[in-house]
Amino acid sequence: LIHGYRACVSYVDTLVGRLLDELDRLKLSDNTIVILWGDHGWKLGDYGAWCKHTNFELDTHVPLIVRSPGAAGNGRACHGLVEFVDIYPSLCDLAGIPLPAHLEGTSFAPLLKNPDGLGKEVALSQYPRGKLMGYSMRTDRYRLTTWVDREDPKQVAAVELYDHQEDPGETANVAAKPECAQIVAKLRVQLTEHVPKLQ
């Protein structure tokens with residue numbers, strides 16, 4: 001499975017290169033925005049699990065590659081937080097199209113000018129586990145996941161906190177540590193601002 005997965009990634013990488021080369025050959029690169037994204041991350045035995053469907057970073061941190069004509073950030077990595085809901089407003093922004101009022105996302109076009117920028121304050125995800133729903137929030141340093149009853153979201157079953165500065169692999173849940181109590185409280189308030197049903 002690992003061999004096949006890596007072969008698939010290598011093959012897709014080759015196809016992306018061919019696509020970009022063809023845009024250059026057809027002289028379309030100067031007026032074509034290219035966005036490549038994947039629908040989820042993928043575990044290859046991490047956490048004793050395979051494939052996808054968790055609120056861990058491995059499943060929620062996904063490929064998002066953008067090339068925009070003349071952007072200073074083309075070809076550079078960016079660590080700012082963005083979400084897929086930001087793709088539509090970003091395309092509007094990059095193409096000079098007015099943003100519709102109903103959009104939920106925000107444009108990440110500034111990150112194409114300055115890839116060292118911070119991006120969004122948080123990125124959200126959710127995934128169910130039996131009768132529970134896990135709401136997860138990623139900040140520049142932490143991932144907080146709150147597991148609540150799906151029928152009564154005010155009933156919290158469990159909380160997970162991962163410190164990406166100390167533990168980028170999310171192997172140690174530090175939510176119960178006394179020294180993390182204030183961080184958990186602050187992040188839970190922030191999460192409820194984005195997911196009002198948790199209030």
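Visitor: What share of the 199 residues in the protein chain is buried?

Guide: A residue counts as buried when its relative accessible area is under 20%. In this predicted model, buried residues make up 34% of the 199 residues in the protein chain.

Visitor: What are the dimensions of the box that the C-alpha atoms fill?

Guide: The box is taken along the principal axes, and for the C-alpha atoms of the protein chain its dimensions are roughly 60 × 45 × 30 Å.

Visitor: Which secondary structure elements does the protein chain have, and how do they run?

Guide: There are 5 helices and 8 strands. Read from the N terminus on, the order is α-β-β-β-α-β-α-α-β-β-β-β-α.

Visitor: Among contacts between residues at least 6 apart in sequence, what share joins residues at least 24 apart?

Guide: A contact here requires heavy atoms within 4.5 Å. Of the contacts in the protein chain between residues at least 6 apart, 44% join residues at least 24 apart.

Visitor: How many cavities of 30 Å³ or more does the structure hold?

Guide: A cavity is a space where a 1.4 Å probe fits but cannot get out. The structure holds 1 cavity of 30 Å³ or more, and the volume of the largest cavity is about 30 Å³.

Visitor: Which residues line the largest cavity, and how do they divide by class?

Guide: The lining consists of T54, N55, F56, R129, T145, W147 and E160. By class, 2 are nonpolar, 3 polar and 2 charged.

Definitions and conventions. Residues are numbered from 1 along each chain as its sequence is written. This is a predicted model: local features need pLDDT of at least 70, side-chain atom pairs count only at pLDDT 80 or more; totals for chains, interfaces and linings use all residues. Side-chain values use heavy atoms; hydrogens and water are left out. On a 1 Å grid over the protein atoms alone, a cavity is a set of points where a 1.4 Å probe fits but cannot get out, and a pocket is an open set with protein on both sides within 12 Å along at least five of seven lines; lining residues have an atom within 4 Å of a point. Grid points are joined across faces, edges and corners, and a volume is the space filled by probe spheres set on the points. Ala, Val, Leu, Ile, Met, Phe, Trp, Tyr, Cys and Pro count as nonpolar, Asp, Glu, Lys and Arg as charged, and the others, Gly among them, as polar. Helices (H or I, at least four residues) and strands (E, at least two) are DSSP runs, numbered from the N terminus. Buried means under 20% relative accessible area, exposed over 50%, partly exposed in between (1.4 Å probe, protein chains only).
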